[in-house]
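Thank you all for coming, and please have the sequence and the model open while I talk.

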Amino acid sequence: MSHRTFFPFSTNNNKQTSILFDKMWTFGYVKNNKKYVDLSLGSCGCFPLGFTRKDFVQSVSEKLLEFPFISGDFKTTNHQVTELTEIFYEMTGYHSMFAVSGSDAVEAAIKMADLYHLNKGQNRKYKFGFADSYHGSTFMSSSISGSTYMHQMHGRQVDCLTLSWDINEVEKTLNYDTSCIIVETCSWQAGLDTQTNEWWQRLKKICEQYDIILIIDDIAFTGFKTGKFFGYNVEINPDIVCFGKAVSAGYFPLSGCLLSQKVKSHIEDHMFLHGFSYSFNMSGILSALYYLQVDKQEGLNDQYEFVKNKYSSMFKSLPLRSIKNHGLMFSLGLENTINKELLNLFLDQGLYLGLWNQNLSKNNVLIQCPNVYDEEYADKIFTGLSNIIK
Ligand SMILES: Cc1ncc(COP(=O)(O)O)c(C=O)c1O
């Protein structure tokens, strides 16, 4: 029975039956011996290698026996935290701050931007996100998101405002009152549209002109989903990057921020008031370290183009209204609006819809394909979708 559980992003009136799964298979759930593919691979792609990699659980558990906890308070750390920080520094040239959920990392990034201006004696007020974007469900992260359905219900932090994706409008809107802007590597909720390099360069230029902190939310694209460990556009040298979800291949949660030298040097002398009991979530840190080791052994990046092309051609062979992708995340346009009947059809076919960009149009399905090619997964997706859209 599920009626004593209170579910996130759901109504909780017990009128709808919840699908209770018995166990996991590699890419989803099992109920009464029927396999369901989780099309989002765990809340927007937390598990790009699937759900049954026992080696992650084993490796992390063994190491946890040595060092299960470090709080981070008063600058306490251990060699595993510093190892991950060093690896990220070598990969990006950025410093690391760790957190547990993506929302928590986004809040930290906004606070860092405020601290930056405070320390420079700059009086900055406004924080901008983009229309229809998603950055989390805590008050500040939902406020800076373009998720109007959340603002309508819970209100919005008054200094948070929404930008249009039109870069000319962005140019007209931002000024010396702006503290920071946050933008996703690619916004799944806003429709998975990829911005051009020119768009990114202009955005960066506007931020430089007014000394605005540019935060990139890479949470949905970290973890080899775009052919690189981090998915953001490195050419624009953002001031802060938020990561999360697949940074640890999902098994143990980890999120955080990468801080540029510019931001670090302006905030390092001041107290950074953002921390939790599990600021250094050891299981997540160990899981991320193990994921990077797995890449070395299994060459995840080398498989990227092959995997992406396989799924692209598979989707192109289906009669879809539209196909968009960013890395291994695809948005498929269906002819029908996603309603209860269509949802049931997906379930009949063993396809469990984790997330879809429903705010924008209720006939796009979001699919996070795994980082590795698996025949059973591909066959299930192909057969299921063929039966639905024939
Ligand atoms: C782009 C993006 N940012 C932030 C978040 C918030 O992460 P979390 O749900 O771990 O708090 C999400 C979650 O879906 C996301 O997709």
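Let me begin with a term: two residues are in contact if their C-beta atoms, placed from the backbone, lie within 7 Å. What we have here is a predicted model, in which local features need pLDDT of at least 70 and side-chain atom pairs count only at pLDDT 80 or more, while totals for chains, interfaces and linings use all residues. Residues are numbered from 1 along each chain as its sequence is written.

With that in hand, which residues is F139 in contact with, leaving aside its neighbours within four places in sequence? The partners are H154 and Q157. F139 is found in helix 4, residues 139-144, where helices (H or I, at least four residues) and strands (E, at least two) are DSSP runs, numbered from the N terminus. A residue is called buried if 20 or more other C-beta atoms lie within 10 Å of its own, exposed if 12 or fewer, and partly exposed in between. F139 has 16 such atoms within 10 Å, and therefore counts as partly exposed.

Next, the domains, whose bounds come from an automatic or database domain assignment. That assignment gives domain 1 (23-54 + 299-389) and domain 2 (67-297), and their centres, taken over C-alpha atoms, are separated by 27 Å. The contact between them takes 21 residues from domain 1 and 23 residues from domain 2.

Now to the nonpolar core, meaning a set of buried Ala, Val, Leu, Ile, Met, Phe, Trp, Tyr and Cys residues joined through C-beta atoms within 7 Å. The largest one has 98 residues, and those with the most contacts inside it are A109, M112, I215, I240 and C257. Helix 3 (residues 102-119) gives the largest share of this core, nine residues. Both domain 1 and domain 2 give residues to this core, so it lies between them. As for C257, not counting residues up to four places away in sequence, it touches several residues, including A109, M112 and I240.

Finally, helix 12 (residues 375-389), in which Y377, K380, I381, G384 and L385 are buried. Why do these lie on the same side of helix 12? Because they cover an arc of only 115° around the axis, the arc being that of the directions from the helix axis to the C-beta atoms. On the other side of helix 12, E375, E376 and D379 are exposed, whereas what covers the buried residues includes strand 3 (34-38) and strand 13 (351-352).
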